[in-house]
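Here's a quick briefing to read alongside the sequence and the 3D view. Have a look around first, then come back for the tour.

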Amino acid sequence: MGLGDRHQKKDVEAALKRAERAGLKVTHKQNGHDWGAVVCCPCNERVVVHCTPRSQGNEANKIDRFTERHRNCA
Ligand SMILES: [Zn+2]
């Protein structure tokens, strides 16, 4: 992710950073309520990240679960 691609919710941003460190790809492509996605390239699965989740903690947990499931795919 480049500068300007930060998520405005800090818990979500922290989870996105953990996903990147685990080797997953974070794509920022604003589309309505969607901020972007976390993508696991080897198995081509993705999880959508929302801009203004009702709970940023839940959104971060969702990203962390995806990261844990896919950190060993590559
Ligand atoms: Zn995977």
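Is Cys43 buried, partly exposed or exposed? With a relative accessible area of 34%, Cys43 is partly exposed (buried means under 20%, exposed over 50%, partly exposed in between, using a 1.4 Å probe and protein chains only). Keep in mind that this is a predicted model, where local features need pLDDT of at least 70, side-chain atom pairs count only at pLDDT 80 or more, and totals for chains, interfaces and linings use all residues. Residues are numbered from 1 along each chain as its sequence is written, and side-chain values use heavy atoms, with hydrogens and water left out.

**The zinc site**

- The zinc ion has Cys40 (SG), Cys43 (SG), His70 (ND1) and Cys73 (SG) as its protein donors, 2.1 to 2.2 Å away (donors are N, O and S atoms within 2.8 Å of the metal, or 3.2 Å for Na, K and Ca; water is not among the atoms, so sites may look incomplete).
- Along the chain, these donors follow the spacing C-x2-C-x26-H-x2-C.
- Cys43 sits in the loop between β2 and β3 and Cys73 in the segment after α2, so this pair ties together parts 30 residues apart in sequence (helices are DSSP runs of H or I with at least four residues, strands are runs of E with at least two, and both are numbered from the N terminus).
- The four donor atoms subtend angles of 99 to 129° around the zinc ion, which makes the arrangement tetrahedral (four donors count as that if all angles lie between 85 and 135 degrees).
- Cys73 is partly exposed, at 33% relative accessibility.

**The nonpolar core**

- The largest nonpolar core has 15 residues, and Leu16, Val38, Val49 and Ile63 touch the most other members (such a core is a set of buried Ala, Val, Leu, Ile, Met, Phe, Trp, Tyr and Cys residues joined through side-chain atoms within 4.5 Å).
- Two or more residues each come from α1 (10–21), β2 (34–40), β3 (45–50) and α2 (56–70), with α1 giving the largest share, four residues.

**Two helices side by side**

- The axes of α1 and α2 come within 8 Å and cross at roughly 5° (axes are lines fitted to C-alpha atoms, for helices over the stretch in contact, with angles from 0 to 180 degrees between N-to-C directions).
- α1 and α2 are therefore roughly parallel (angles under 35 degrees count as such).
- Thr67, in helix α2, is buried, with a relative accessible area of 2%.
- Beyond its neighbours within four places in sequence, Thr67 is in contact with Arg18, Ala19, Ala22 and Leu24 (contact means heavy atoms within 4.5 Å).

Conventions: Four donors count as tetrahedral if all angles lie between 85 and 135 degrees; four count as square planar and six as octahedral if opposite donors are over 155 degrees apart and all others between 65 and 115; anything else is irregular. Angles under 35 degrees count as roughly parallel, over 145 as roughly antiparallel, 65 to 115 as roughly perpendicular and the rest as oblique.
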